[in-house]
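Here are my notes on this model, as numbered points. Please read them with the structure open.

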Amino acid sequence: MSTNFPSASPEARQKVTTRTFQRKKQRGQPITMLTAYDYPTARAIDQAGIDSILVGDSLGMVVLGYANTLPVTMEDMLHHCRAVRRGAEYAMLIGDMPFMSYQASVQDAVRNAGRFLQESGMDAVKLEGGRERADAVQAIVSAGIPVMGHLGLTPQSVHQFGGFRPQGMENQAARRLLQDAQILQEAGCFSLVLESVPTRLAAYVSKQLDIPTIGIGAGAGCDGQVLVTHDLLGLFDRFTPRFVKKYASFHGEMLRAFQAYKSEVEAGAFPAQEHSVEMPDQEWQSFLAEVEG
Ligand code: KIV
């Protein structure tokens with residue numbers, strides 16, 4: 001039994017793998033996934049029994065404060081993946097390949113995907129794009145690394161899309177997205193994220209595929225769901241995408257706690273006696289005698 005995870009019945013839990021994803025799809029059991037970027041969040045997500053943790057490059061926006069995900073580097077990702085790895089025992093861990101770590105060449109793609117497993121203990125990688133990424137997916141999978149695809153609103157293409165806007169809204173775009181999904185499945189992806197695409201298109205694509213789809217802003221017809229944890233917790237106050245459900249308001253809680261701390265320190269109410277340590281009288285007297293002569 002793990003000393004790190006005092007959950008109710010740790011012996012009943014097993015590490016989630018690509019096979020678990022496949023089995024859940026076959027049985028019609030929804031797959032759960034959340035993002036994490038640090039140790040305590042990974043620990044809580046894992047203890048909650050969530051199937052998978054994505055160390056998303058949304059890191060750039062919700063943790064590092066960039067306007068989009070483009071500035072995120074391999075080193076940023078590996079650093080945060082290692083922290084998540086230390087916090088999670090059961091969830092399947094997926095490292096998000098950052099912008100320009102897989103687009104320039106298939107060799108780059110394989111090498112960088114390998115770093116996620118070798119240097120940060122991830123179980124799989126995710127990358128964005130459709131048919132244009134089929135060669136990279138095939139090569140990474142041939143190296144023994146599971147790949148999750150990502151279609152629809154792929155944030156690394158924000159400038160090409162002219163903003164963060166829903167995708168697959170017209171007939172032609174919907175057909176292209178379906179074809180891309182089939183191509184990625186053929187190339188070896190074990191699962192696909194569908195982000196910000198119409199509900200009925202996502203449900204249709206999910207039915208056509210043998211591999212599970214994980215939706216974000218893609219309705220209830222996907223085989224699983226993912227959210228950015230900072231959105232779900234209400235930790236990120238800059239904006240909230242329409243498809244997010246906030247399960248908590250941690251930014252407000254944090255603000256209240258910081259203001260209370262400030263007031264108490266300024267009023268001399270913190271630290272109180274119970275937050276302090278004191279040395280024995282005798283030691284104090286001999287200290288004073290020595291320093292004051
Ligand atoms: O970077 C990320 O968090 C993602 C999810 C939104 C799927 O790609």
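Predicted model: local features only at pLDDT ≥ 70, side-chain atom pairs only at ≥ 80, totals over all residues.

1. The lining numbers 26 residues, and E132, T154, S157, Q160 and F161 are the ones nearest the pocket centre. The volume of the second largest pocket is about 540 Å³.

2. Now the largest pocket. Its space comes to about 760 Å³. The lining is made up of 37 residues. Nearest the centre are L153, E195, I216, P241 and F243. By class, the lining holds 20 nonpolar, nine polar and eight charged residues. Helix α3 (59-62) and strands β6 (191-195) and β8 (224-227) each supply at least two of the lining residues.

3. Next, salt bridges. How many does the structure hold? The total is eleven. Three of the pairs are described in the points below.

4. K15 and D123 pair through their side chains, at 2.8 Å from N to O. K15 sits in the segment before α1 (18-27), and D123 sits in the loop between α5 (106-120) and β4 (124-126), so this bridge ties together parts 108 residues apart in sequence. K15 is partly exposed, at 31% relative accessible area. D123 is also partly exposed, at 21%. Buried would mean under 20%, so D123 at 21% does not count as buried. The pair also belongs to a network of salt bridges that links K15, R85 and D123.

5. K24 and D51 form another salt bridge, with their closest N and O atoms 2.9 Å apart. K24 belongs to helix α1, while D51 lies in the loop between α2 (39-47) and β2 (52-55), so the contact joins parts 27 residues apart in sequence. Are these two residues buried or exposed? Both K24 and D51 are buried.

6. R131 bridges to D180, and the closest N and O atoms are 2.6 Å apart. This pair links distant parts of the chain, 49 residues apart. R131 is in the loop between β4 and α6 (134-142), and D180 is in helix α8. D180 is buried, since its relative accessible area of 8% falls under 20%.

7. Last, the surface. Which residues form a nonpolar patch there? They are M279, W284, F287 and V291. Together they present about 370 Å² of accessible area. F287 belongs to helix α12, which covers residues 281-292. F287 is partly exposed, with a relative accessible area of 39%. Patch residues need over 30% relative accessible area, so F287 at 39% clears that cut-off.

Conventions. Residues numbered from 1 in each chain as written. Heavy atoms only, no water. 1 Å grid on protein atoms, 1.4 Å probe; cavity = no way out; pocket = protein on both sides within 12 Å on 5 of 7 lines; lining within 4 Å. Points joined across faces, edges and corners; volume = space filled by probe spheres on them. Helix = DSSP H or I, 4+ residues; strand = E, 2+ residues; numbered from the N terminus. Nonpolar A, V, L, I, M, F, W, Y, C, P; charged D, E, K, R; others polar. Patch = residues over 30% accessible without salt bridge, like charges linked within 9 Å, V, L, I, M, F, W, Y side chains within 5 Å. Areas by Shrake-Rupley, 256 points an atom, 1.4 Å probe, with all protein chains shown as cover. Salt bridge = Lys/Arg side-chain N within 4 Å of Asp/Glu carboxyl O. Buried < 20%, exposed > 50% of the residue type's maximum accessible area, 1.4 Å probe, protein only.
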